[in-house]
Amino acid sequence: MVDFLLGPFADNEFLRQSLMAGILVACICAVAGTFVVLRGLAFVGDALAHGVVPGVATATLLGVSGIFGAAIGAIVMMTGVALVSRRFRMSSDTSIGLLFVGMLALGVIITSRSSSFSGDITEILFGEVLGISDADLWWQAVALMVVGAIAWVCRRPFLLLSIDEGLAQTSGFSVHRYHNMMLGMVALTVVASFQTVGTLLVLGMLIAPAATGVLFARRVSTVMLTAAGVGILSTYVGLLLSYHADLAAGASIILVTVLIFALCAIVVEIQRWRGHRKDIHHDHEQPHIHAQVHL
Amino acid sequence: MSANIIASSLAVGYGHRPIVSDIDFVLEPGALMVLIGSNGSGKSTLLKTLAGLLTAQSGSVHVLGDVPGAQPARVAYLPQHPVSSHTLPLRVRDVVAMGRFAHRGLMRRTTTRDASIVSDVMKRTGADAFSTLPLRDLSGGQQQRTHLSQVLVREAEVLLLDEPTAGLDVSGRRAVADLILQERSRGVIVVMATHELDDAETADLVMLLAQRVVAQGTPAQALSDAALRACFGFTQPH
């Protein structure tokens, strides 16, 4: 049993690298994902994840770092969304949707110019978790520190923004500045994570663990810790599944995060149902207590 | 340092479209101004302008001797329907404590004084009864009490309240009226938007709005039959 659970990681250097990368991505996504879930920015996160595709595709064609291309793609996406929604007075989801499909289509067209079209696009969309280098790990560690620092410094305006933009503004925090800081943090998270889980699946790592934390936790720090725990567990189980059952590694990790969320949601629902039944039972046994309250 | 609100020939609106023009009033410390009107009458627009969330279209407005929005620690604003009340998993006490962020800024640590202010206000509003519950699990009235507590912990000199009694039952509305009285007694200026004519009973100044200032004055002057008919198309039963 121990060999089944730990053997693959003990025997394979590349799997240990993948696990390390997955843990770092889980921690980055836990921090950024908590605010994405609290502020309801899932669609922006999805759009940013797809917005980096043309950048990565161009970088691949030019033979430069995909991370550099992804960063340029994320900046173009964020600027485009801000420009369209402000200049043409459209709702943010319309402008995000426009840029989202436009950038994704551009990414596919650029990749189609490559000689190994299907291989490149698959790698961008689904990641290459089993091909992580030391340099990638260092870059992810730096990204984790930067994302953590942004979240720590901006925690107050980020929390107020999660309740109401007017509340943040009238508390002395510029909505424009801190909204952009939050988007920048999400963009950095996407850029740091896409190599591990791919642009198509990074949203799963951003949303599912944080959503699981929100099911149980009552404080932001606990939501983040729960999200990190779920993300790390998913990475381990996903890689193990991928190794033993010969499944796609990135997709296995994300599927496990969503399954953990589903299991936790069922547990919460059962707890609620039992609590409700207990209340009804209590009402039948001691009606006089409620009568006193009503008096 | 001026401790009042002065609006002169003020026009408020969105973009370049004015919604209400020719607004004039002066509010001294302890005053209560109640804005009454139907949906879209301009109540929230005027409140947002006083809070600094919208720019005045023309005329002038000064809040505590400064342009609106310049003194976040001294002016508190309660939005109409805080966006994420139904989804936010955070504890009520933590949500209320966020009201102190205006005083602490980005990095300054919260103190024991902040904690004791939060506890005192939650006792006054009754929010201490559900302080450990997550905001999303509360009823509309309890959520409203939480948001009102968050505004009160600011210890501001001006309270801008957009429909603070929305979703509250009769006793809840009475409790809000009492809280407003307490705040006024320590010199706080309160500007409140409401649909309820009863909320204007103790006001110093009532402004009846219908995309223009229909009437303005004491409750008796502003809520005359003629003014109410012009604003709503009906009069108050006697």
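1. Leaving aside neighbours within four places in sequence, which residues is Ala208(A) in contact with? They are Thr257(A), Val258(A) and Phe261(A), where contact means that the C-beta atoms of two residues, placed from the backbone, lie within 7 Å. Ala208(A) sits in helix α12 (residues 202-216) of chain A; helices here are DSSP runs of H or I with at least four residues, strands are runs of E with at least two, and both are numbered from the N terminus.

2. A word on what you're looking at: this is a predicted model, in which local features need pLDDT of at least 70, side-chain atom pairs count only at pLDDT 80 or more, and totals for chains, interfaces and linings use all residues. Residues are numbered from 1 along each chain as its sequence is written, while chains are lettered from A and ligands numbered from 1 in the order in which they are written.

3. Back to Ala208(A): is this residue buried or exposed? Ala208(A) is buried, because 26 other C-beta atoms lie within 10 Å. The cut-offs are 20 or more other C-beta atoms within 10 Å of a residue's own for buried, 12 or fewer for exposed, and partly exposed in between, with C-beta atoms placed from the backbone. Met103(A) is 105 residues away along the chain, and its C-alpha atom is 24 Å from that of Ala208(A).

4. Chain A as a whole has 15 helices and zero strands. Its C-alpha atoms fill a box of roughly 80 × 60 × 30 Å along the principal axes. Of its 295 residues, 49% are buried. Among contacts with a separation of 6 or more in chain A, 71% join residues 24 or more positions apart.

5. How far to trust chain A? Its mean pLDDT (the predictor's confidence in each residue, from 0 to 100) is 85, and 91% of its residues reach 70 or more. Over residues 288-295 of chain A, though, the pLDDT is below 50, and this stretch has one contact in the model beyond near neighbours in sequence. Where pLDDT is low, the predicted coordinates should not be read in detail.

6. Have a look at helix α9 (residues 155-163) of chain A: eight of its nine residues are buried, so the rest of the structure largely encloses it. Among the buried ones are Arg156(A), Pro157(A) and Phe158(A). The buried residues of α9(A) pack against α2, α10 (165-170), α11 (175-197) and α13 (220-245) of chain A, and also against α3 of chain B.

7. Of its 168 residues, Ile28(A), Val186(A), Val191(A) and Leu160(B) touch the most other members. Helix α2 (residues 13-39) of chain A gives the largest share, 16 residues. Beyond four places in sequence, Ile28(A) has contacts that include Gln140(A), Leu144(A) and Ala192(A).

8. Where the chains meet, 20 residues of chain A and 22 residues of chain B take part. On the chain B side, β5 (75-78) and α3 (101-104) are the elements that give two or more residues.

9. Finally, chain B divides into domain 1 (1-74 + 156-238) and domain 2 (82-155), with bounds from an automatic or database domain assignment. Their centres, taken over C-alpha atoms, are 24 Å apart. The domains touch through 13 residues of domain 1 and twelve of domain 2, and helix α6 (residues 170-185) of chain B gives the largest share of the domain 1 side, four residues.

Definitions and conventions: A nonpolar core is a set of buried Ala, Val, Leu, Ile, Met, Phe, Trp, Tyr and Cys residues joined through C-beta atoms within 7 Å.
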